[in-house]
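Visitor: I am new to reading protein models. Could you take me through this one?

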Amino acid sequence: MGRWGPNEHLLSIQVEQCDGIARIRLAGELDMSGRERFEQALATAEAHAMRAVHVDLSHVVFMDSSALGALLGAHDRANRSARLLVVRGAGGEVWRLFQL
């Protein structure tokens, strides 16, 4: 049992907005089964963020290419709307996916 308890691999998503910045905090496994929820969180954050969307992956234990695709789509939308997309906290297996 890890820091997040017996269901540490279930996906948890929190979205907060403050001062034109939306923050998405994720925990657990971010894979195809959670992609739709993740994309909904991104859409919510983008609708309320004037300046930036921050995505915190520091508690994500696994991420697959479908989640990476969702982030790449968010990056494209951020570029078109002159908004920043900040991704932080990727470590271990998640970081390796970004290195591919």
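**Loops, helices and the sheet**

Guide: Asp19 lies in the loop between β1 (12–18) and β2 (21–30); helices (H or I, at least four residues) and strands (E, at least two) are DSSP runs, numbered from the N terminus. This is a predicted model, in which local features need pLDDT of at least 70, side-chain atom pairs count only at pLDDT 80 or more, and totals for chains, interfaces and linings use all residues. Residues are numbered from 1 along each chain as its sequence is written, and side-chain values use heavy atoms, with hydrogens and water left out.

Visitor: Is Asp19 buried or exposed?

Guide: Buried means under 20% relative accessible area, exposed over 50%, and partly exposed in between (1.4 Å probe, protein chains only). Asp19 has a relative accessible area of 64%, so Asp19 is exposed.

Visitor: What is the reach of helix α1 from its first C-alpha to its last?

Guide: Helix α1 covers residues 35–48, which is 14 residues. The expected span is 1.5 Å times one less than the number of residues. That expectation is 20 Å, and α1 comes close to it, reaching 20 Å.

Visitor: Why do the buried residues of α1 line one face of the helix?

Guide: The buried residues of α1 are Phe38, Ala41, Leu42, Ala45 and Glu46. An α-helix has 3.6 residues a turn, so residues three or four places apart point the same way. The arc is taken from the directions from the helix axis to the C-beta atoms. Seen down the axis of α1, the buried residues line one face because they fall within an arc of 130°.

Visitor: Which exposed residues does the face of α1 turned away from its buried side carry?

Guide: The buried side of α1 is covered by elements that include β1, β2, β3 (52–63) and α2. On the face turned away from that side, the exposed residues are Glu36 and Ala47.

Visitor: Which strands stand at the edges of the sheet?

Guide: The open sheet has 4 strands in the order β1-β2-β3-β4, with mixed pairing; two strands pair if DSSP finds at least two bridges between them. An edge strand has a single partner, so one side of it is left without a neighbour in the sheet. The strands at the edges are β1 and β4.

Visitor: How many bridges join β3 to β4?

Guide: Asp56 stands opposite Arg88 in β4, and Val53 stands opposite Leu85 in β4. The strands β3 and β4 run parallel, and the number of bridges joining them is 5.

Visitor: What is the handedness of the β-α-β unit made by β3, α2 and β4?

Guide: A crossover is right-handed if, with the strands pointing away from the viewer, the path from the first strand over the helix to the second runs clockwise. For β3, α2 and β4, the unit is right-handed.

Terms used. Contact means heavy atoms within 4.5 Å.
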